[in-house]
Amino acid sequence: MELKNITTGWFNKARKELGLLPKDQQESAVSIMEICGSCELGKGFTCDKHLKSVVVRNFYYNNQPRKVGDEVNGCGCPLEVKPLSDSYCPLGYWGDRMILVDDWKEVMEQSQNNEHEANK
Ligand code: SF4
């Protein structure tokens with residue numbers, strides 16, 4: 001998990017404990033925590049980076065393509081904050097925040113166009 005995501009996760013955890021986290025974010029985090037709780041890589045309070053499991057969908061993870069059936073390690077993230085951050089599951093279990101492989105080309109083209117416009 002990137003530093004920005006770690007910071008966001010801990011910040012949102014504090015907001016949650018103070019009752020200041022928006023309801024939709026709380027519900028999303030609860031759903032994700034349930035997934036992590038039943039995942040073979042979710043050990044204790046960590047997504048165990050010493051264990052491996054199989055990717056369940058095609059998507060990009062840290063700018064690298066992951067395909068269904070790839071065997072990958074857990075991310076090592078603390079599960080009490082990861083679901084409250086902007087990061088996502090290394091196996092592809094959380095679908096709503098991920099850039100899927102099919103969408104990637106379009107996202108890259110848009111990003112390059114924006115960069116081109118900014119450099120004019
Ligand atoms: S982040 Fe993904 S791989 Fe890690 S414990 Fe949660 S569901 Fe499993």
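Helices (H or I, at least four residues) and strands (E, at least two) are taken here as DSSP runs, numbered from the N terminus. On that basis the chain holds three helices and six strands, and along the sequence these elements follow the pattern α-α-β-β-β-β-β-β-α. Residues are numbered from 1 along each chain as its sequence is written. The model is a predicted one, in which local features need pLDDT of at least 70 and side-chain atom pairs count only at pLDDT 80 or more, while totals for chains, interfaces and linings use all residues.

The C-alpha atoms of the chain fill a box of roughly 50 × 35 × 20 Å, taken along the principal axes. A residue is called buried if 20 or more other C-beta atoms lie within 10 Å of its own, exposed if 12 or fewer, and partly exposed in between, with C-beta atoms placed from the backbone. By this criterion, 21% of the 120 residues of the chain are buried. Two residues are in contact if their C-beta atoms, placed from the backbone, lie within 7 Å. Among the contacts in the chain with a separation of 6 or more, 63% join residues 24 or more positions apart.

Helix 1 covers residues 3-17. Its 15 residues reach 21 Å from the first C-alpha to the last, close to the expected 21 Å, where the expected span is 1.5 Å times one less than the number of residues. Just after helix 1, G19 takes a positive phi of about 75°.

Helix 2 has 16 residues and spans 23 Å between its first and last C-alpha atoms, close to the 22 Å expected at 1.5 Å a residue. Its buried residues are A29, I32 and C36. Viewed down the axis of helix 2, these buried residues fall within an arc of 65°, so they line one face of the helix; the arc is that of the directions from the helix axis to the C-beta atoms. An α-helix has 3.6 residues a turn, so residues three or four places apart point the same way. The face of helix 2 turned away from the buried side carries the exposed residues K23, D24, E27, V30, E34, G37 and S38. On the buried side, the packing partners of helix 2 are strand 1 (42-43) and strand 2 (46-47).

The ligand is surrounded by I35, C36, C39, L41, G42, C47, G74, C89, P90, L91 and Y93, a residue being counted as near a molecule if its C-beta atom, placed from the backbone, lies within 6 Å of it. This shell divides into nine nonpolar residues, two polar and no charged, where Ala, Val, Leu, Ile, Met, Phe, Trp, Tyr, Cys and Pro count as nonpolar, Asp, Glu, Lys and Arg as charged, and the others, Gly among them, as polar.

In strand 1 lies K43, which is partly exposed, with 14 other C-beta atoms within 10 Å. K43 and L21 are 22 residues apart in sequence, and their C-alpha atoms are 26 Å apart in space.

A pairing across a sequence separation is found further along the chain. K52 lies in strand 3 (residues 52-54) and E71 in strand 6 (residues 71-73); the two are 19 residues apart in sequence, yet 6.2 Å apart in space, C-alpha to C-alpha. Leaving aside residues up to four places away in sequence, K52 touches E71, V72 and N73, while E71 touches K52 and V54. K52 is partly exposed, with 14 other C-beta atoms within 10 Å, whereas E71 counts as exposed, with 9 C-beta neighbours inside 10 Å. K52 and D24, by contrast, are 28 residues apart in sequence and 31 Å apart in space, C-alpha to C-alpha.

The loop between strand 4 (59-61) and strand 5 (64-66) contains N62, and N63 has its place in the loop between strand 4 and strand 5 as well. N62 takes a positive phi of about 50° although it is not a glycine, and N63 one of about 65°, likewise without being a glycine. N62 counts as exposed, with 10 C-beta neighbours inside 10 Å, and N63 counts as exposed with 8.
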